[in-house]
Amino acid sequence: LGDLIAAIPILTYHSIDSSGSVISTDVNRFCRQMECLAEKKTRVLSLSEAVSILKHGVNVPSNAVVLTFDDGFRNFFSCALPILRELQFPATVFLVTGRAGKDNQWQGQYPNIPRLDLLNWHEVREASLAGIDFGVHTITHPNLAHLSREELVREIIEPQRTICDQIGHRPKAFAYPYGIRTPIAEELVSQKYEAACSVEMGLAVSGSHLYRLPRVDMYYFSRNDRFRWF
C-alpha cells in the first residue's frame with residue numbers, strides 16, 4: 001500500500017463555472033486539477049471510504065484525497081461529471097433537496113453569489129447510476145442555529161428519505177449549511193448519518209470528530225496553481 005498517511009484532504013467544491021465568485025471554480029481549472037491528481041496517481045477515495053479509514057485506522061496510500069461538492073449545482077452534471085467519469089474518480093454531492101430543479105436563491109443567500117441552477121432529480125439519478133454518492137445539505141439551506149428542534153428534525157432527517165426515494169439507497173453523510181451547527185443539530189445528525197462535514201479548514205486525521213470533519217475549500221485554489229502541492 002505504500003507509505004501511510006497522517007491526514008486526508010477532503011476537498012470542497014461548490015459551483016463549476018466561470019463567474020469568478022467565491023463559490024466558483026472554472027471548468028478548465030477544475031479539469032487541470034483532476035488531471036493533476038491522475039498524473040500524480042492520487043488515490044481518490046469516496047467519502048465513505050475515508051470515513052471508514054478514519055474510524056477504524058485502516059492503512060491507505062500517502063496520496064489519498066476525497067472530492068465533495070456542496071449545494072448540488074446543475075453544472076456538476078454538465079461540467080464536473082464527464083471529467084470524473086473519464087478519470088473514474090468518486091465524489092460526494094450534498095443536495096439541498098427542497099431546491100432540486102430550482103436555483104440557489106434560498107433565504108439567507110449571500111448577495112454576491114450568482115444565481116445558479118441546481119440539479120433536478122433526473123440528473124441526480126443519472127449521476128447516481130454513474131457512481132456519484134449523494135449526501136444531505138438540508139431541505140432549504142437554513143442557518144441551523146435559528147431553528148427549533150422540530151424544524152431541525154425536518155431539515156436534517158426528511159431529506160434522507162427524499163434522496164433514498166429517488167436513488168434507492170439512504171445517504172450516509174451530511175454537510176452543515178454555512179458550516180453552522182448546534183449541539184442539538186449535531187446530536188440529530190449523529191443519530192441518522194455515519195459522518196458530517198464542516199467548513200472548518202483542515203485535514204481529516206484519525207482523531208477527527210466524524211460529525212465535524214474538516215475540509216479544504218477549493219476557493220483558495222481557484223486563482224492559482226498551488227493545487228499541485230497535494
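The structure is a predicted model, in which local features need pLDDT of at least 70 and side-chain atom pairs count only at pLDDT 80 or more, while totals for chains, interfaces and linings use all residues. Residues are numbered from 1 along each chain as its sequence is written, and side-chain values use heavy atoms, with hydrogens and water left out.

The side chain of arginine 215 meets that of aspartate 70 in a salt bridge, at 2.9 Å from N to O (a side-chain nitrogen of Lys or Arg within 4 Å of a carboxyl oxygen of Asp or Glu). This pair links distant parts of the chain, since aspartate 70 lies in strand 3 and arginine 215 in strand 8, 145 residues apart (helices, H or I with at least four residues, and strands, E with at least two, are DSSP runs numbered from the N terminus). Aspartate 70 also counts as buried, at 3% relative accessibility. In total, the structure holds eight salt bridges.

A second salt bridge is formed by aspartate 103 and arginine 115, whose closest N and O atoms are 2.6 Å apart. Both aspartate 103 and arginine 115 are in the loop between strand 4 and helix 4, twelve residues apart. Aspartate 103 is buried, with a relative accessible area of 12%, whereas arginine 115 is exposed, at 58%. A further salt bridge joins the side chains of arginine 149 and glutamate 187, at 3.8 Å from N to O. Salt bridges that share partners join Arg99, Asp103 and Arg115 into one network.

Strand 4 (residues 92–95) has Thr92 and Phe94 pointing one way and Val93 and Leu95 the other way, and all are buried. Strand 3 (residues 64–71) runs parallel to strand 4 and is joined to strand 4 by four bridges (two strands pair if DSSP finds at least two bridges between them). The bridge partner of aspartate 70 in strand 4 is phenylalanine 94. Between strand 3 and strand 4 the chain passes through helix 3 (residues 74–87), and this β-α-β crossover is right-handed (with the strands pointing away from the viewer, the path from the first strand over the helix to the second runs clockwise). Strand 4 is also joined by four bridges to strand 5 (residues 133–136), again in parallel. In strand 5, aspartate 133 is the bridge partner of threonine 92. A right-handed β-α-β unit is made by strand 4, helix 4 (residues 121–129) and strand 5.

Pockets and cavities were located on a 1 Å grid over the protein atoms alone: a cavity is a set of points where a 1.4 Å probe fits but cannot get out, a pocket is an open set with protein on both sides within 12 Å along at least five of seven lines, and lining residues have an atom within 4 Å of a point. Grid points are joined across faces, edges and corners, and a volume is the space filled by probe spheres set on the points.

The largest pocket holds about 360 Å³ of space. Its lining has 21 residues, of which His14, Ile23, Tyr110, Tyr178 and Asp217 lie nearest the centre. Strand 3 and strand 8 (213–217) are the elements that give two or more residues to this lining. The lining of the largest pocket divides into ten nonpolar, seven polar and four charged residues (Ala, Val, Leu, Ile, Met, Phe, Trp, Tyr, Cys and Pro count as nonpolar, Asp, Glu, Lys and Arg as charged, and the others, Gly among them, as polar). About 240 Å³ lies in the second largest pocket, whose lining includes Arg99, Trp106, His141 and Tyr178.

Two cavities of 30 Å³ or more are present. The largest cavity, of about 40 Å³, has Asp71, Leu95 and Val124 among its lining residues.

Definitions and conventions: Buried means under 20% relative accessible area, exposed over 50%, partly exposed in between (1.4 Å probe, protein chains only).
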